[in-house]
Amino acid sequence: MAPTSSRETVAPAESGSSPDLREFVSALEGSPAEQGLRERKKRARRAALIDAAQNLVAEHGLDAVTVEMISAEAGVSPRTFFNYFESKDDAVLGAEDTGLPEDVIRTFVEGGPTGRLLSDLQVVVAALLAPAGEAHDRVMRAMDLMQQEPALLRRHVVWMDRHKSRLGELFEARRATAPFTTDAELLTMLVLLMLRTALVAWEHAGYTGNPADHLPAAVAQLVDLVSADLVS
């Protein structure tokens, strides 16, 4: 990737010598502090786009709202909008592309973090739940708007199908590294069940704490169900 800032690419000190690739990448990405600042700015811009989309749709209805209106409300260009979302529907829903941090994906594919599939699935689900805990109000607004706008519900179903497909790819990648016999489709349904169970328990708790706090109880219910059948 070519540098996009005013930072110059420094040539090697001696002819014929090769710059260290890691140093080159580090120079492009900046210091950890700079990287952290950029990430915070990206998250803030994304949140501003979601807020703008949800407020405009709540006021004017989905059909009357355009990407240009959302962008103007959030103070960014339409081109910037599409760096974050594929469509205005996705902005209203706050749809994440993958929902999983790269370190979580890498650790899971490599057979971690515990080496026990059910326990490691719990880590994956906790990562998927993290955005809901950080943006409770936006999640609730998205759910309310889905009830009012059928097109949003249809888009949510499309997004869920895409998410299920990516989960399947994640499971097959792990199977190649740390083989297991469970069907990927069953694991996908299990993840969705754990997500749903934790979110419902979070709702019943008045949205206190984080939804992932309710995961251990959801997993315990599943283990108890299976164990009861095994001993009966």
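Biologist: Is tyrosine 207 buried, exposed or partly exposed?
Modeller: Tyrosine 207 counts as partly exposed, because its relative accessibility is 26%. Buried means under 20% relative accessible area, exposed means over 50%, and partly exposed is in between, with a 1.4 Å probe and protein chains only.

Biologist: What kind of model is this, and how are residues numbered?
Modeller: This is a predicted model, in which local features need pLDDT of at least 70 and side-chain atom pairs count only at pLDDT 80 or more, while totals for chains, interfaces and linings use all residues. Residues are numbered from 1 along each chain as its sequence is written, and side-chain values use heavy atoms, with hydrogens and water left out.

Biologist: Where is tyrosine 207 found, and what is its phi?
Modeller: Tyrosine 207 is in the loop between H10 and H11. Its phi is positive, about 60 degrees, although tyrosine 207 is not a glycine. Helices here are DSSP runs of H or I with at least four residues, strands are runs of E with at least two, and both are numbered from the N terminus.

Biologist: How many helices and strands are there?
Modeller: The protein has eleven helices and zero strands.

Biologist: How many aromatic pairs does a search of the whole structure find?
Modeller: The search finds four aromatic pairs. Phenylalanine 81 and phenylalanine 85 form a tilted pair, because their ring centres are 6.0 Å apart and their planes are at 45 degrees. Rings of Phe, Tyr and Trp (its six-membered ring) pair if their centres lie within 6.5 Å; planes under 30 degrees apart count as stacked, over 60 as edge-to-face and the rest as tilted.

Biologist: Which residues do ring pairs link into a cluster?
Modeller: Phe81, Phe82 and Phe85 are linked into a cluster by ring pairs.

Biologist: What lies over the face of phenylalanine 108?
Modeller: Arginine 174 does, at 4.6 Å from the ring centre. A charge sits over a ring if NZ of Lys or CZ of Arg is within 6 Å of the ring centre and within 35 degrees of the ring normal.

Biologist: Which helix holds arginine 174, and is arginine 174 buried or exposed?
Modeller: Arginine 174 lies in helix H9. It is buried, because its relative accessible area is 3%.

Biologist: Where is the cis peptide bond?
Modeller: The bond from glycine 112 to proline 113 is cis, with omega near 5 degrees. Proline 113 lies in the loop between H6 and H7.

Biologist: Different topic. How many residues are in the largest nonpolar core?
Modeller: The largest core has 25 residues, and those with the most contacts inside it are Phe171 and Val191. Helices H6, H7, H9, H10 and H11 are the elements that give two or more residues to this core. H10 gives the largest share, eight residues. A nonpolar core is a set of buried Ala, Val, Leu, Ile, Met, Phe, Trp, Tyr and Cys residues joined through side-chain atoms within 4.5 Å.

Biologist: What does phenylalanine 171 touch?
Modeller: Leaving out residues up to four places away in sequence, phenylalanine 171 touches Phe108, Leu121, Phe180, Ala184, Leu187, Thr188 and Val191. Another core, of 20 residues, lies apart from the largest one and includes Leu62, Val76, Tyr84 and Phe85.

Biologist: And valine 191, where is its place?
Modeller: Valine 191 is in helix H10. It is buried, because its relative accessible area is 0%. With residues up to four places away left out, its contacts are Leu121, Val125, Leu128, Leu167 and Phe171. Valine 191 and glutamine 122 are 69 residues apart in sequence and 8.2 Å apart in space, C-alpha to C-alpha.

Biologist: Where is confidence lowest and where is it highest?
Modeller: Confidence is lowest in helix H1 (residues 21-29), at a mean of 49, and highest in helix H3 (residues 67-74), at 97. The mean pLDDT of the protein is 83; pLDDT is the predictor's confidence in each residue, from 0 to 100. Over residues 1-19 pLDDT stays under 50.

Technical notes:
Contact means heavy atoms within 4.5 Å.
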